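Take a moment to look over the chain before reading on. The paragraphs below go from the whole chain to single residues.

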Amino acid sequence: MAAAAPPPPPTEPPSTMPETALPRHPVFTRIRLATPSDVPYIHKLMQQMAVFERLTHLMTATEASYSSTLFSPENKPFLSTTILILEVSQNPFTDTHFDNDPFYKPITKTVTLDLPIDDPEKENFKTQHGNEVFVAGFVLFFPNYSTFLGKHGFYVEDLFVRECYRRKGFGKMLLTAVAKQAVKMGYGRVEWVVLDWNVNAIKFYEDMGAKILQEWRLCRLTGENLEAYGATE
């Protein structure tokens, strides 16, 4: 019987990446406290959110009303209405003046994507804090109180990420930032509402571990009815 052929020599690992490997595209992100100079971006984002939620008929806010109500001297971050801004850039952030904010140290993170992001509105959302830094989203929240827990919490009024930046984990980053601040302050919970037709958002929140409370209904008194009750003796 003939001797068995010797095994083939081990294959050397390729010295270069396979031609089919996809290039990677880093996106540098920063979550920071909003400032009065962000009001134009906040107003644009609110208008886009109203369109997305099909509620443009309720949108009457102006840049002036945001400036006077969100950034008055009485407003203290996290003790009143607070906005965290999500910025993105193709380059690392080089400005450091936000790092000296006494209320909040910005959160920076690098996200690696398979494809570059095409932002058709980037010129409208370019900030003055960097040549190629753009506002991608925001979260607005304020403190509330649970009598059952005997603790304060945060209520998230608005969470919005511009369309070209969705489904990349940026919304989760914003909510996580709120949760981290709640834990830091010893607060008991973070809560918000979601539109019943927004199944993608509901799935997203459930995957995060949020409980959707089907038995609760939002009640709202506004407009003429608010005026009528406010004038009742």
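This is a predicted model: local features need pLDDT of at least 70, side-chain atom pairs count only at pLDDT 80 or more; totals for chains, interfaces and linings use all residues.

Residues are numbered from 1 along each chain as its sequence is written, and side-chain values use heavy atoms, with hydrogens and water left out.

Start with the secondary structure, where helices (H or I, at least four residues) and strands (E, at least two) are DSSP runs, numbered from the N terminus. The chain has five helices and six strands. In sequence order they give the pattern β-α-α-β-β-β-β-α-β-α-α. The chain is more spread out than a compact globule, because its radius of gyration is 24 Å, well over the 17 Å that the globule rule gives for 233 residues. That radius is taken over C-alpha atoms, and the globule rule is 2.2 Å times the number of residues to the power 0.38. Taken along the principal axes, the C-alpha atoms fill a box of roughly 110 × 45 × 35 Å.

Contacts tell how the parts of the chain meet; a contact means heavy atoms within 4.5 Å. Among contacts between residues at least 6 apart in sequence, 74% join residues at least 24 apart.

The UniProt record, an unreviewed entry, carries the annotation "domain: N-acetyltransferase" for residues 83-232. UniProt positions are given in the numbering used here, feature names are shortened, and annotations may be inferred rather than shown by experiment. Over residues 83-232 the chain is 22% helix and 28% strand. The end C-alpha atoms of this stretch are 34 Å apart.

Accessible areas come from the Shrake-Rupley method with a 1.4 Å probe, and for residues only the protein chains shown count as cover. The accessible surface of the chain comes to about 15,700 Å², and 56% of it belongs to carbon and sulfur atoms. A residue is called buried under 20% relative accessible area, exposed over 50%, and partly exposed in between (1.4 Å probe, protein chains only). Buried residues make up 32% of the 233 residues.

Which residues make a nonpolar surface patch of about 340 Å²? They are Leu221, Leu226 and Tyr229. Patches are made of residues with over 30% relative accessible area and no salt bridge, with like charges joined within 9 Å and nonpolar side chains (Val, Leu, Ile, Met, Phe, Trp, Tyr) within 5 Å. Leu221 sits in the loop between α4 (199-208) and α5 (223-230). Leu221 counts as partly exposed because its relative accessibility is 47%.

Some single residues come next. Pro40 belongs to helix α1 (residues 39-52), and its C-alpha atom is 6.3 Å from that of Glu63, 23 residues apart along the chain. Lys76 is in the loop between α2 (63-70) and β2 (82-89). The C-alpha atoms of Lys76 and Glu121 are separated by 31 Å, and the two residues are 45 apart along the chain.

Is Thr127 buried or exposed? Thr127 is buried, because its relative accessible area is 5%. Thr127 lies in the loop between β3 (107-113) and β4 (133-146). Leaving out residues up to four places away in sequence, Thr127 touches Tyr41, Glu87, Val133 and Val135.

Arg54, in the loop between α1 and α2, has a positive phi of about 60° although it is not a glycine. Arg167 also has a positive phi of about 60° without being a glycine, and lies in the loop between β5 (151-161) and α3 (170-184). Arg54 counts as exposed at 57% relative accessibility, and Arg167 counts as exposed at 75%.

The last topic is salt bridges, each a side-chain nitrogen of Lys or Arg within 4 Å of a carboxyl oxygen of Asp or Glu. The whole structure has 11 of them. One joins Asp38 and Arg32 at 2.8 Å, N to O, and both of these residues are buried. A network of salt bridges links Arg30, Arg32, Asp38, Glu87 and Asp95.

Arg162 forms a salt bridge with Asp119, with the closest N and O atoms 2.8 Å apart. This pair links distant parts of the chain, 43 residues apart: Arg162 is in the loop between β5 and α3, and Asp119 is in the loop between β3 and β4. Both Arg162 and Asp119 are buried.
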